[in-house]
Amino acid sequence: MMKKLLPTATAGSLPKPVWLAEPEKLWSPWKLAEEELIEGKQDALRIALQEQQAAGIDIVSDGEQTRQHFVTTFIEHLDGVDFEKRQTVKIRDRYEASVPTVVGPISRPTSVFVEDAKFLRAQTDQPIKWALPGPMTIVDTLYDDHYKSREQLAWEFAKVLNQEAKELEAAGVDIIQFDEPAFNVFFDEVNDWGLAALERAIEGLKCETAVHICYGYGIKANTDWKKTLGSEWRQYEEVFPKLQQSNIDIISLECQNSHVPIELLELLRGKKVMLGAIDVATNHIETPEEVANTLRRALEFVDADKLYPCTNCGMAPLSREVARGKLNALSAGAAIVREELLAK
Ligand SMILES: [Zn+2]
């Protein structure tokens, strides 16, 4: 699809304008309502697109401007989940959150993001990527009082995700990405049913597919957890061999300032890699040379035509100024290495 070498992309979310939702916060409530909210979300989406374009990002997204949270906004639109009935669960085995309850069979009476995707498609001819939560991560962000089986619940979500993905593809989305941070935590479950559920979610799609596996947003629960992981983060070693064998086209992962041994990328050889070269857990804006260094190290293990410079994770919790700076750094760093490759 991409002819340009080292096409840049972001993992997903970008900060929202202050008039739409309180910034630098997850699950931030909307400041507008009804018709004003619909218009406000569209304006925010336009701005997010323009900021990516101004920075020279090649594969653009909606910056997740129309969703409050990457998981809950999707399930809000489904039948079978009660948002009034809340339970406190431990998410990613790491931090407690109040989550909605599965009370009956899961179904998707209407599309969730398809109108937003059409709106984005109408604004640009560039390749567009759309993120959906992965089945295992959804299961891990809910309390289940109906199926009483994480595996069966994941399977039900995979079916509705597949319906949504097919409509997003028809709306002109070029890459559909599933966010599966839970893949970095529950290795046995990935093996038993997580990857199977993800493959069910992409069944029959002709557009490209991606899975994003990271160490989470730059929030305190995640940065505290990272401190317990030691000097070498080998979590990816558990899932990369299986992903390499899977039908997923692109693997999106965290690399900048992480303790992931870079040689683990060899386990993905043959797949396209969206490589996180921007740290989303710090306000320090990378220099283009810092980005370039990360890309050069990755090129020892990823074929140049399969390397997509990207951010470690979403940038929703950052300030808009920092996020803009990081987009520019990503572009500039990729440009340095692109020139080096073309000069060879
Ligand atoms: Zn992430």
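These legends describe close-up views of a predicted model. Residues are numbered from 1 along each chain as its sequence is written. Local features need pLDDT of at least 70, side-chain atom pairs count only at pLDDT 80 or more, and totals for chains, interfaces and linings use all residues.

**View 1. Helices α5 and α6 cross at roughly 20°.** Helix α5 spans residues 150-170 and helix α6 spans residues 187-201 (helices are DSSP runs of H or I, at least four residues, and strands are runs of E, at least two, numbered from the N terminus). Their axes come within 7 Å (lines fitted to C-alpha atoms, for helices over the stretch in contact; angles run from 0 to 180 degrees between N-to-C directions). That crossing angle makes α5 roughly parallel to α6 (angles under 35 degrees).

**View 2. Residues of α5 meet residues of α6.** From α5 come Arg150, Glu151, Ala154, Trp155, Ala158, Lys159, Leu161, Asn162 and Ala165. They meet Glu189, Asp192, Trp193, Gly194, Ala197, Arg200 and Ala201 in α6 (contact: C-beta atoms, placed from the backbone, within 7 Å).

**View 3. An open sheet of 3 strands has the order β1-β2-β4.** Its pairing is mixed (two strands pair if DSSP finds at least two bridges between them). β1 (79-91) and β4 (143-144) are the edge strands; each has a single partner strand, so one side of each lacks a neighbour in the sheet.

**View 4. β2 and β4 run parallel.** Val102 has Asp144 in β4 as its bridge partner.

**View 5. α5 lies across β2 and β4.** The helix runs at about 70° to β2.

Methods: Parallel < 35°, antiparallel > 145°, perpendicular 65-115°, else oblique. Contact = placed C-beta atoms within 7 Å.
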